[in-house]
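I opened the model to go through its charged pairs and its surface. My notes follow in the order I looked things up.

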Amino acid sequence: MELVTPEVGLIFWTTLSFLILLFLLGKFAWKPILAAVNEREQSIETALSRAEAVKEEMARLTSENEALLKQARAERDAILSEATKVKNQIISDAKEAAHKEGSRQIDLARIEINNQKAIAMADVKNQVASLSLEIAEKVLRKQFEDQKKQDELVKDLLKEVKLS
């Protein structure tokens, strides 16, 4: 049982060694260890706050990006709508211009046709008049070959003039 029961000297020296060790640890080791733990705790808190700030910034940027995308889509839709309107207007203007030009060409063609018709009619009238004069001249020559027929024609003409 002697091995298990400590003596007073052993207890004294063990306690003295423990107290010296405690003093040395308190003087030289606890402050740097606590400082390192506090510094580590501060760096973790700083990292967490930075992570939270980055998370908020990412949320803000995401919402800004969504707003920019919506705005870009709206602008794209407006541009496409305007382009469609301009395209339709250009097509409408081209159709109208083509219709006007077609009408103008048709009117010019009608005028030209009427002019050519009038020229042709005048030419036909001149030819008919010329032919009529030639025929009348030939008929009159035949009738005037005989003096008796000439006298009868003059008498008939005088009767018609007096009756009119």
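Entry 1: I am working from a predicted model. I started at R110. R110 has a relative accessible area of 52%. The cut-off for exposed is over 50%, so R110 counts as exposed. A salt bridge needs a side-chain nitrogen within 4 Å of a carboxyl oxygen. D107 is partly exposed, at 41% relative accessible area. I checked where the two sit: R110 and D107 are both in helix α1, 3 residues apart, about one turn of the helix.

**Entry 2: other charged pairs.** How many salt bridges does the count come to? I noted 6. One of them joins E96 and K100, with the closest N and O atoms 3.2 Å apart. Both residues lie in helix α1. They are 4 residues apart, again about one turn of the helix. K100 is exposed at 54% relative accessibility, whereas E96 is partly exposed at 41%.

I went on to R76. R76 makes a salt bridge with D77, and their closest N and O atoms are 3.2 Å apart. R76 is partly exposed, with a relative accessible area of 46%. D77 is partly exposed too, at 42%.

Which residues are linked in a network of salt bridges? I wrote down E57, R60 and E64.

**Entry 3: a threonine.** I turned to T84, which is found in helix α1. A polar atom of the T84 side chain lies 2.8 Å from the backbone oxygen of L80. Is T84 buried or exposed, or in between? I read a relative accessible area of 40% for T84. Buried means under 20% and exposed means over 50%, so T84 is partly exposed.

**Entry 4: a nonpolar patch.** F12, W13, L16, I20, F23, L24 and F28 make a nonpolar surface patch of about 770 Å². L16 sits in helix α1, which covers residues 8–144. Its relative accessible area is 31%. A patch residue needs over 30%, so L16 passes that cut-off at 31%. L16 counts as partly exposed.

How values were computed:
Residues are numbered from 1 along each chain as its sequence is written. This is a predicted model: local features need pLDDT of at least 70, side-chain atom pairs count only at pLDDT 80 or more; totals for chains, interfaces and linings use all residues. Side-chain values use heavy atoms; hydrogens and water are left out. Patches are made of residues with over 30% relative accessible area and no salt bridge: like charges are joined within 9 Å, nonpolar side chains (Val, Leu, Ile, Met, Phe, Trp, Tyr) within 5 Å. Accessible areas come from the Shrake-Rupley method with a 1.4 Å probe; for residues, only the protein chains shown count as cover. Buried means under 20% relative accessible area, exposed over 50%, partly exposed in between (1.4 Å probe, protein chains only). A polar contact is a pair of N or O atoms within 3.5 Å; within protein, one must be able to donate a hydrogen and the other to accept it, and residues adjacent in sequence count only if both atoms are side-chain atoms.
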